[in-house]
Amino acid sequence: MVLILFGAPGVGKGTVGTHLSKNLNIPLISSGDILRRNVKEETELGNRAKSFMEKGALVPDEIIIKMVKEEVSGLKKGFILDGFPRTLNQAEELEMIMSNSSYQVIHLEAQDNFLIKRLSERRICKNCGAIYHLVNIPPEREGICDCCRGPLYQREDDQEKVVKERLSVFHSETKPIVNYYRKKGVLKSVDGSLPLQKIVNLIKEKIDHDSDKEQKGN
Ligand code: ADP
Ligand code: ZN
């Protein structure tokens, strides 16, 4: 199964994806994490991606498609995608990458004001990438990761000015994909402002429900 988590920056794709990945026992592929890893390791693609990310702009399709393709090749039992696709062109490329495996798209929805506030309170572990929220998912010890004891930091692109740019890019370049998937009949919406566990349960119900239907239909 391929599950695509779709939604604006800060809506919780990464956090929800981490839980679902453990629950369903399939890997989570986050385009943002792949990019940040490449930037950190100063790979050729990473060096080219860096300036786009700092501005809150999208990295050129050609770069990210290459990275995602490499990452999912050989994942026979499926995967969860977070942050990809983000343009219509990426969505079309993904069809080819997945060839004929079935997939579903979960659209996590929330208002911009809610997302701006949430991103300002997001903290990430420098070591393992675990995601925290100062109010909703605080670490046990301030500034320290529960999982690996690494230091927590605020992503540079989570500053309000860059967040606003990312949201505007989302509305102009990424949101149109919703129609593409709606037409294909694979889109399900979930309220991204609900508590984390509720969202995870809703998504699990929606996917289960679907496989039930498929079985009954056969
Ligand atoms: P968020 O979903 O919170 O915006 P991500 O970690 O997914 O954060 O992405 C961070 C940045 O990485 C984006 O602002 C963009 O520059 C780049 N990026 C991630 N995924 C893609 C993609 N599929 N296409 C183009 N750029 C991407
Ligand atoms: Zn950690």
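**Exercise 1.** Which residues are the closest to ligand 1, and how many residues surround ligand 1?

*Solution.* Before starting, note that this is a predicted model: local features need pLDDT of at least 70, side-chain atom pairs count only at pLDDT 80 or more, and totals for chains, interfaces and linings use all residues. Residues are numbered from 1 along each chain as its sequence is written, chains are lettered from A and ligands numbered from 1 in the order in which they are written, and side-chain values use heavy atoms, with hydrogens and water left out.

Step 1. Count: 20 residues surround ligand 1.
Step 2. Name the closest: Ser31, Arg36, Ala57, Gln90 and Arg166.

**Exercise 2.** Describe the make-up of the shell around ligand 1.

*Solution.* 
Step 1. Sort by class, where Ala, Val, Leu, Ile, Met, Phe, Trp, Tyr, Cys and Pro count as nonpolar, Asp, Glu, Lys and Arg as charged, and the others, Gly among them, as polar. The shell has 8 nonpolar, 5 polar and 7 charged residues.
Step 2. Sort by element, where helices (H or I, at least four residues) and strands (E, at least two) are DSSP runs numbered from the N terminus. Helix α2 (residues 31-40) gives the largest share of the shell, 4 residues.

**Exercise 3.** At what distances from an oxygen atom of ligand 1 do atoms of Ala57, Arg86 and Arg122 lie?

*Solution.* 
Step 1. For Ala57, a backbone N or O atom is 2.6 Å from a ligand oxygen.
Step 2. For Arg86, a polar side-chain atom is 3.0 Å from an oxygen of ligand 1.
Step 3. For Arg122, the corresponding value for a polar side-chain atom is 3.5 Å.

**Exercise 4.** What lines the largest cavity?

*Solution.* 
Step 1. List part of the lining: among its residues are Leu5, Lys13, Phe84, Pro85, Arg86 and Thr174.
Step 2. Assign elements: β1 (2-7) and α7 (160-174) each supply at least two lining residues, and β1 gives the most, with 3.
Step 3. Look at Pro85: a cis peptide bond joins Phe84 and Pro85, with omega about 0°. Pro85 sits in the loop between β3 (79-82) and α5 (88-98).

**Exercise 5.** Is Asp158 buried or exposed?

*Solution.* 
Step 1. Recall the cut-offs: buried means under 20% relative accessible area, exposed over 50%, and partly exposed in between (1.4 Å probe, protein chains only).
Step 2. Apply them: Asp158 has 2% relative accessibility, so Asp158 counts as buried.
Step 3. Find its partner: the Asp158 side chain makes a polar contact with the side chain of Arg166 at 3.0 Å. Such a contact is a pair of N or O atoms within 3.5 Å; within protein, one must be able to donate a hydrogen and the other to accept it, and residues adjacent in sequence count only if both atoms are side-chain atoms.

Definitions and conventions
Near = heavy atom within 4 Å. 1 Å grid on protein atoms, 1.4 Å probe; cavity = no way out; pocket = protein on both sides within 12 Å on 5 of 7 lines; lining within 4 Å.
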